[in-house]
Amino acid sequence: MNDTNTTNMPEELSIVNSQLSILFSYFPALSEKQKEQFKALYELYADWNSKINVISRKDIENLYLHHILHSLGIAKMLTLKPGTSVMDIGTGGGFPGIPLAILFPETQFHLVDSIGKKIKVGQAVADVIGLQSITFRHCRGEEEKGLFDFVVSRAVMPLADLVKIVKKNILKKQQSALPNGLICLKGGELQHEILPFKNKAVILDLKDYFKEDYFETKKVVYVPL
């Protein structure tokens, strides 16, 4: 790991461990392997973040709350069945794809981002923690032609723009209880953004599932495609 000894600061370690406990309390059915994979993420991302900025450096100590637990909010909309395929568009350093791939190890994930160095970080993290059902591609969303049951994203762009890009990537054959489509993490006021999809979009308020203040304005938006 890096020479800054990021994880040796007692106060920061205390915050990190507290957040990890919160994460585990919301997902009590995690196996020991999954817990170990989640535990490994802080040191890995702290190390990579010192070289390639994939998370705000001021926010790295909030990794488990602001990035990992937030990513797992998608699981409150849909439990991914074994064999389901999911593309994470604009994944950055691997969010929400890597936390979801830990939670759903029998789902196939494909993580895409237009910035190569961010894909490098995600790939390296996935390799170290031993994620098997995950692939990465450095490209723009418009270039990705693969077909998937669902596309996920985390505040990448306005909903209408995202739908235009990913509708070509949605499989017609359905295998989940929820029709195939787009599931994205959004924050703040969505009334205007959701207008073109108001008759079919479903919105979950994460504050109804996670009690921490951070989730007060966080939402999961699902649009069948």
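1. Phenylalanine 136 counts as buried in this predicted model, because its relative accessibility is 14%, and a residue is called buried under 20%. Phenylalanine 136 belongs to strand β3. Leaving out residues up to four places away in sequence, phenylalanine 136 touches Ile98, His110, Leu111, Ile119, Gly122, Gln123 and Ala126. One of these, glutamine 123, is 13 residues away along the chain, and the two C-alpha atoms are separated by 6.6 Å.

2. The strand that holds phenylalanine 136 is part of an open sheet of 7 strands, arranged in the order β3-β2-β1-β4-β5-β7-β6 with mixed pairing. β3 (134-138) and β6 are the edge strands, each pairing on one side only. On average, neighbouring strands of this sheet are turned by 20 degrees against each other, direction ignored.

3. Strands of a sheet pair through backbone hydrogen bonds, in either the parallel or the antiparallel sense. Two helices may be described next. Helix α3 packs on the sheet and touches β4, β5 and β7, with a direction that makes about 155 degrees with that of β4. Helix α5 (residues 116-129) also packs on the sheet, touching β2 (108-113) and β3, and its direction makes about 165 degrees with that of β3.

4. Strand β5 (residues 181-187) runs antiparallel to β7 and is joined to it by 7 bridges; isoleucine 183 stands opposite tyrosine 222 in β7. Strand β6 (residues 202-205) likewise pairs with β7 in the antiparallel sense, over 4 bridges, and leucine 204 has valine 220 of β7 as its bridge partner. Of the 7 residues of strand β7 (residues 218-224), 6 are buried, so this strand is largely enclosed by the rest of the structure.

5. Why can helix α3 be called largely enclosed by the rest of the structure? The reason is that 10 of its 10 residues are buried. The buried residues are Leu63, Tyr64, Leu65, His66, His67, Ile68, Leu69, His70, Ser71 and Leu72. The elements against which they pack are α1 (10-26), α2, α4, β4 (150-154), β5 and β7.

6. Glutamate 212 lies in the loop between β6 and β7. Is glutamate 212 buried or exposed? Glutamate 212 counts as buried, because its relative accessibility is 12%. Its side chain is joined to that of tyrosine 26 by a polar contact of 2.9 Å. With residues up to four places away in sequence left out, glutamate 212 touches Ile22, Tyr26 and Leu65. Leu65 is among the buried residues of α3.

7. Tyrosine 26 also takes part in an aromatic cluster, in which ring pairs link Tyr26, Phe210, Tyr214 and Phe215. The count of aromatic pairs comes to 4. A pair of aromatic rings is described by the distance of the centres and the angle of the planes. For tyrosine 45 and phenylalanine 95 the centres are 5.0 Å apart and the planes make 35 degrees, a tilted pair. This pair links distant parts of the chain: tyrosine 45 is in helix α2 and phenylalanine 95 is in the loop between β1 (85-89) and α4 (97-103), 50 residues apart. Both tyrosine 45 and phenylalanine 95 are buried.

8. Valine 54 is found in the loop between α2 (32-49) and α3 (63-72). With a relative accessible area of 17%, valine 54 is buried. Beyond its neighbours within four places in sequence, valine 54 is in contact with Tyr45, Asn49, Gly93, Lys118 and Val121; Tyr45 is the tyrosine of the tilted pair with phenylalanine 95. Between valine 54 and methionine 157 there are 17 Å in space, C-alpha to C-alpha, and the two are 103 residues apart in sequence.

9. Two lysines sit over aromatic rings. Lysine 35 lies over the face of phenylalanine 24, at 5.7 Å from the ring centre. Lysine 76 has its charged end over the ring of phenylalanine 27, 5.0 Å from its centre.

Definitions and conventions: Residues numbered from 1 in each chain as written. Predicted model: local features only at pLDDT ≥ 70, side-chain atom pairs only at ≥ 80, totals over all residues. Heavy atoms only, no water. Buried < 20%, exposed > 50% of the residue type's maximum accessible area, 1.4 Å probe, protein only. Contact = heavy atoms within 4.5 Å. Phe/Tyr/Trp six-rings, centres within 6.5 Å; stacked < 30°, edge-to-face > 60°. Lys NZ or Arg CZ within 6 Å of the ring centre and 35° of its normal. Pairing = 2+ DSSP bridges. Polar contact = N/O pair within 3.5 Å; in protein donor to acceptor, adjacent residues only side chain to side chain. Axes fitted to C-alpha atoms, helices over the stretch in contact; angles between N-to-C directions.
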